[in-house]
Amino acid sequence: MIVKELSKPSSILKLEALMRRIPADHTKNTEMKEDLRKRYAGYNGERAISYYLDFLSEKDYFVFHDLRLPSGHHYFQIDYLVLTRRIAFILECKNFYGTLLLEDSFNQLIRTANDKEEGFQNPLVQARWHQQQLSTFLSSHGYSQIPIDYLVAFSSTSTIIKTNSRNPSILKKIVHGYNLLERLKETERVYKDDVIDRKDIRKLCKLLLKSHVPGTQDILLKYGVAKSEVITGVQCPNCLLFGMVRLRRKWFCEKCGCFDKSAHVEAVKDFFLLMNSTMSNKQFREFTHLSSVDMASKLLMRMNLPSSGANKGRVYHPQ
């Protein structure tokens, strides 16, 4: 059963929104494009792994994507967590091209591609760290009996993986995506007895969902972009120009003549991604260049957004 589905990460959504709403010649544009490329590479790798996980039995396996759990004053984030009645699997997904060397002496991953070498954190170290943190989390909630194992899954079939380690057990922790299900089955056979019944595993699933805390990174702060630099207005879905105006109960683009009933919806999403976690009627009007208080209220109400407060103190929250 897919308990927490694969979805586009907020880090990508925020970065895309920011790149839409800053000038094309902004000094941070090159850095943002490269960061977005890397984030999409990771996301696409997770999508590739998701394909294989879809073949697991819905009755026996409970799959969580992108689970972010508390660890003291911090958080740890797991690409995939697969629960069974016998064991919990942590899957660390990587989407690398070229030749990879898992170097033992300095515990790093070295990629060679296009005659260039790059160093990265050893994903096995990262997976073991997540294993320790998950163990602490489960123990603190009365689930210390569940053993935890991990695998590092490389999504690309063309990736060449090498190691200079003399420890053969390391190789059992690394797998290509196409061999993932077989490796999961092999590992699970080591754990022959159920440690949790069906009722309790469903309780644990609810606990994990409730404990998940989405990332709240301030994307403007990360790239040093001031709020005053963010381009406001409603973007035309046809020509992508900002500054549509409200005309005859629709949004109208003065550049291309496009009419659209709901173009403001994307503007509201961008506001929540970039500017603030709540939105007042006044903020909505300022961001969309709308003058009418009543019209703003009607448009916000039609979006069925969660809200708190009343009258002039009402604020809206993202869905």
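Predicted model: local features only at pLDDT ≥ 70, side-chain atom pairs only at ≥ 80, totals over all residues.
Residues are numbered from 1 along each chain as its sequence is written, and side-chain values rest on heavy atoms, with hydrogens and water left out.

The protein chain contains nine helices and 16 strands; helices (H or I, at least four residues) and strands (E, at least two) are DSSP runs numbered from the N terminus. Along the principal axes, the C-alpha atoms fill a box of roughly 70 × 55 × 35 Å. Of the 319 residues, 42% count as buried. Here buried means under 20% relative accessible area, exposed means over 50%, and partly exposed lies in between (1.4 Å probe, protein chains only).

Strand 2 (residues 62-71) runs antiparallel to strand 3, and nine bridges join them. One of the facing pairs is His65 and Tyr80, the latter in strand 3. Two residues separate these strands in a hairpin, and Gly72 in the turn has a positive phi of about 65 degrees. Strand 3 is mostly covered, with seven of its ten residues buried.

Strand 3 (residues 74-83) is also joined to strand 4 by four bridges, again in the antiparallel sense. Tyr80 has Leu91 of strand 4 as its bridge partner, and Val82 has Phe89.

Seven of the seven residues of strand 4 (residues 88-94) are buried, so the strand is largely enclosed by the rest of the structure. Ala88, Ile90, Glu92 and Lys94 point one way from strand 4, while Phe89, Leu91 and Cys93 point the other way, and all are buried.

On the surface, Lys59, Arg198, Lys199, Arg202, Lys203 and Lys206 gather in a patch of positive charge. Such patches are made of residues with over 30% relative accessible area and no salt bridge; like charges are joined within 9 Å, and nonpolar side chains (Val, Leu, Ile, Met, Phe, Trp, Tyr) within 5 Å. A salt bridge is a side-chain nitrogen of Lys or Arg within 4 Å of a carboxyl oxygen of Asp or Glu. Arg202, one of the patch residues, lies in helix 5 (residues 198-211). The relative accessible area of Arg202 is 40%, so this residue is partly exposed.

Asp115 has a positive phi of about 60 degrees although it is not a glycine. Asp115 is found in the loop between strand 6 (108-113) and strand 7 (116-121), and counts as exposed at 84% relative accessibility. Leu240, also a residue other than glycine, has a positive phi near 70 degrees. The loop that holds Leu240 runs between helix 6 (219-223) and strand 11 (245-247). With a relative accessible area of 52%, Leu240 is exposed.

Notes. Areas by Shrake-Rupley, 256 points an atom, 1.4 Å probe, with all protein chains shown as cover. Lys, Arg positive; Asp, Glu negative; His and termini not counted. Charge placed at Lys NZ, Arg CZ, Asp CG, Glu CD. Pairing = 2+ DSSP bridges.
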